[in-house]
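Hello,

Here is the structure I promised to pass on.

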Amino acid sequence: MRRITQVEVFPTKIGLKTKFNIGTGFVGDQHSSGDHIFVKISTDDGYFGWGEQRALPSWSYETTESITTTIQSYITPVLIEKDPFEILKITDEINTILKPAVSNGHPFARAAVDIALHDLVGRILGVPIHVLLGGKRHSQYPLCYALSIDTPEVMAMQAVALDPCHCFKVKVAGEPGLDEARLRAINDAVPEAKLWIDANQSYVPSQAIDLIDRIRDIRQIATFEQPVSSQDWFGLKRVREHSHLPIAVDEGCFSSYDLAKIIQLECADAVVLKLCKSGGLRECLKTAHIAEANSIELLGSGLTEAGIGFVASLHLFSTLDFILPPELNAPAFLESMVAHGIETRDAVAVIPDRPGLGILPDEDYIIENQIHF
Ligand SMILES: [Mg+2]
């Protein structure tokens, strides 16, 4: 039997090209880099697989340190000596030693490991990850890029500069008048582009309804994501009852169990899928399947993961159908994707057909920019 013999974890700093702000505050800029945690899993017969996630504790609680030590101290002992083909049994064991509280537990750490296991198995079998999931439905995906919160004029210029992208995640900040001005300026600057509003929990329900009333005439706005606090189910329901736009849930839905509750409460029309919050590819698919069977529409996104996390999302998303282009914005924001072999041109990403992820990380960059603590 083939055995896993080594798990290596590399917390790494990757700079952003520009400043990035969302509804909960500052994400990063050229001087304040994001932290990405890379994982390499190796076997006794020379195979390896890579995974990655980005720590963003202002979005969800896991930190660079917690993701690194969770993998090193809790998940690695489960992986060592295991047959990498038994991903479901390995996942069950990890989920037994890392129990969730109300929603998902340590999903970012588990997702990085799950990606590495799928890359490893794909490399051993000589098939891409999307084949392990049933095969791709899409060979390429146009991407949606995010517009960082700024003045209406600057956000409009950001959209023009990102041409030929045709769909923008417009970050808004809980200010109905100013957010309306932002949306109108962007719509005037790129009138053909679809606009996907994301408030990142920055509104109270009455103010979110005020914004919705102000923007009824802007036909290019396709959805309004996470207007209110992640735990405010009833606030979300109130907003939805007053909205002509589909209301999407993101921070309020980390798992298929969360989605089951949201469906019972009738408080969302769409769900945002993200590998990081799901804890892995199959957990994310479970949420997608629950959504499809309940007429909840799908949106795909990420947290500006570098190349490994970006391509893992592409493999998963290539098996699904979304109502808008997936928002995977790393090519627009990161100074380096820290990977070789990614094919992204003019805001269109090609789904790799090589074994595993179909790309390799830039190990020199990872070593040079490794975080030591
Ligand atoms: Mg979001």
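Ser-295 counts as exposed because it has 8 C-beta neighbours inside 10 Å; a residue is exposed with 12 or fewer other C-beta atoms within 10 Å of its own, buried with 20 or more, and partly exposed in between, the C-beta atoms being placed from the backbone. This is a predicted model, in which local features need pLDDT of at least 70 and side-chain atom pairs count only at pLDDT 80 or more, while totals for chains, interfaces and linings use all residues. Residues are numbered from 1 along each chain as its sequence is written.

Ser-295 sits in the loop between α11 (281–293) and β13 (297–300). Helices (H or I, at least four residues) and strands (E, at least two) are DSSP runs, numbered from the N terminus. Although Ser-295 is not a glycine, its phi is positive, about 60 degrees.

Thr-304 also has a positive phi without being a glycine, in its case about 55 degrees. You will find Thr-304 in the loop between β13 and α12 (307–317). Is Thr-304 buried or exposed? Thr-304 is buried, since 25 other C-beta atoms lie within 10 Å.

While you are looking at the backbone, go to the peptide bond from Asp-163 to Pro-164: it is cis, with omega near 10 degrees. Pro-164 belongs to the loop between α5 (152–161) and β8 (167–171).

Strand β8 itself is mostly covered, with five of its five residues buried. On one side these are Cys-167, Lys-169 and Lys-171, and on the other Phe-168 and Val-170. β8 runs parallel to strand β7 (residues 145–147), and three bridges join the two; strands pair if DSSP finds at least two bridges between them. Val-170 of β8 is the bridge partner of Leu-147.

Now for a pair of helices. Two packed helices are described by the angle between their axes and the distance between the axes. Helix α1 (residues 64–79) packs on helix α3 (residues 107–125) at an angle of about 65 degrees, with the axes 9 Å apart. The axes are lines fitted to C-alpha atoms, for helices over the stretch in contact, and angles run from 0 to 180 degrees between N-to-C directions. That makes α1 roughly perpendicular to α3, a label for angles of 65 to 115 degrees; under 35 is roughly parallel, over 145 roughly antiparallel and the rest oblique. From α1, Ile-67, Thr-70, Ile-71 and Ile-75 make the contact, and from α3, Phe-108, Ala-109, Ala-112 and Val-113. Two residues are in contact if their C-beta atoms, placed from the backbone, lie within 7 Å.

Two more residues for your list:

- Thr-319 is in the loop between α12 and α13 (330–333). Thr-319 is buried, with 20 other C-beta atoms within 10 Å. Not counting residues up to four places away in sequence, Thr-319 touches His-130, Leu-133, Gly-134, Lys-136 and Arg-137. Thr-319 and Phe-85 are 234 residues apart in sequence, and their C-alpha atoms are 21 Å apart in space.
- Pro-205 is in helix α7 (residues 205–214). Pro-205 is buried too, with 20 other C-beta atoms within 10 Å. Leaving aside neighbours within four places in sequence, its contacts are Val-228, Gly-235, Arg-238 and Val-239. Between the C-alpha atoms of Pro-205 and Asp-364, 159 residues apart along the chain, the separation is 48 Å.
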